[in-house]
Amino acid sequence: MNPMIDDETLDRQLREAAPYIDDEGFTARVMATLPAAQREPRWLRAMVLLGLAILGSGIAYVLSGGFIREGVIQLSNFPIWLLLVFAFGCGLVVGAFAVIFAIRKTPEVRDLTRLEF
Amino acid sequence: MELTDADLIARVLANDDQHAFGELVRRHQSSVRGLLRQLTRTDIALADDLAQETFLRAYKSIRSFRGEARFSTWLYRIAYNCFREDARKRKELVGVDEAQLQAEHDPQTVDPGLRHDLMHALNLLPLNERTAVVLCCQNGLSHDEAARVLDIPLGTVKTNILRGREKLKRTLAA
């Protein structure tokens, strides 16, 4: 009867006993089973998004019953510095949303900041 | 400079780059096939079929990989699910077969006799203990990662490892 070994030795022996399995064509077999890459062209996606944005804006304008037109006329009477501040504020808001979205989509940054989303 | 798993995954996501996915398969095929061989009690043909299914599923659902765990952990989870579904179909979740070990890839660091004894002892463990021991002790997953792979409570993983280790030690000492 052999003496009982400790946990560390057992784990080491288990790791060393696990053989590296040679590929021997395995990757090629997997690649042969993958579905063909199907992806719509980027320009098509961009055109669809642009078209939807224009359509949505048009519908909103028609449904507003002149509200937007009056708003634009009023806005044009504002001093230029106020319009610049307004544009800058809009840019900040959109930029802030873009940064939040980018962090949510980037695991490295998320880990770095240790934020839970 | 060698690309990381995250770089390769990003390429697959951005451009549907199958070459990048191929590199991921090459990197992880050994550990995934090794895990499945342990789960199937060294039924190499079945293990390789399940490994192939694992990578196919991984490719199809790679957009659901959120990067919260290591890519290998995510693969192990898919592999374990593939194994469970197959075992359910075959109704072979219980039962003990004699290990049929392949000696041609023996690493030089371990005495072949000891390796045979280890693998034999490992194959005598119940499935839940064997899986936990293989994931944590052999493949280096943390208890938390193993709990996520197996979709069981952390305490159960710890218990399975404790029992598995004790049984392995007793078998090896006998």
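Predicted model: local features only at pLDDT ≥ 70, side-chain atom pairs only at ≥ 80, totals over all residues.
The contact between the chains draws on 37 residues from chain A and 46 residues from chain B. Together the two chains bury an area of about 3,700 Å², and carbon and sulfur atoms account for 60% of that area. On the chain A side, the residues that lose the most area to chain B are Leu14(A), Ile21(A) and Phe26(A), which together make up 19% of what that side buries.

Eight residue pairs, with both residues at pLDDT 80 or more, are in polar contact across the interface of chain A and chain B. Three helices of chain A, namely helix 1 (7–17), helix 2 (26–33) and helix 6 (107–113), each supply at least two residues of the side that touches chain B. Helix 1 of chain A gives the most to that side, with eight residues. By class, the chain A residues touching chain B comprise 19 nonpolar, five polar and 13 charged.

Side chains of opposite charge can pair when their charged atoms come close. In this model, Asp7(A) meets Lys169(B) in a salt bridge at 2.5 Å, N to O. Because Lys169(B) lies in helix 8 of chain B and Asp7(A) in helix 1 of chain A, this pair joins two chains. The side chain of Asp7(A) also meets that of Arg165(B) in a salt bridge, here at 3.8 Å, N to O.

Helix 8 of chain B has a partner within its own chain as well. The axes of helix 7 (residues 143–150) and helix 8 (residues 154–173) of chain B come within 9 Å and cross at roughly 105°, so helix 7 of chain B is roughly perpendicular to helix 8 of chain B. From helix 7 of chain B, the residues in contact are His143(B), Asp144(B), Ala146(B) and Ala147(B); in helix 8 of chain B they meet Leu154(B), Val157(B), Lys158(B) and Ile161(B). This contact of helix 7 with helix 8 of chain B has five nonpolar, one polar and two charged residues.

Key. Residues numbered from 1 in each chain as written. Chains lettered and ligands numbered in written order. Heavy atoms only, no water. Contact = heavy atoms within 4.5 Å. Buried area = accessible area lost by both parts, 1.4 Å probe. Salt bridge = Lys/Arg side-chain N within 4 Å of Asp/Glu carboxyl O. Polar contact = N/O pair within 3.5 Å; in protein donor to acceptor, adjacent residues only side chain to side chain. Helix = DSSP H or I, 4+ residues; strand = E, 2+ residues; numbered from the N terminus. Nonpolar A, V, L, I, M, F, W, Y, C, P; charged D, E, K, R; others polar. Axes fitted to C-alpha atoms, helices over the stretch in contact; angles between N-to-C directions. Parallel < 35°, antiparallel > 145°, perpendicular 65-115°, else oblique.
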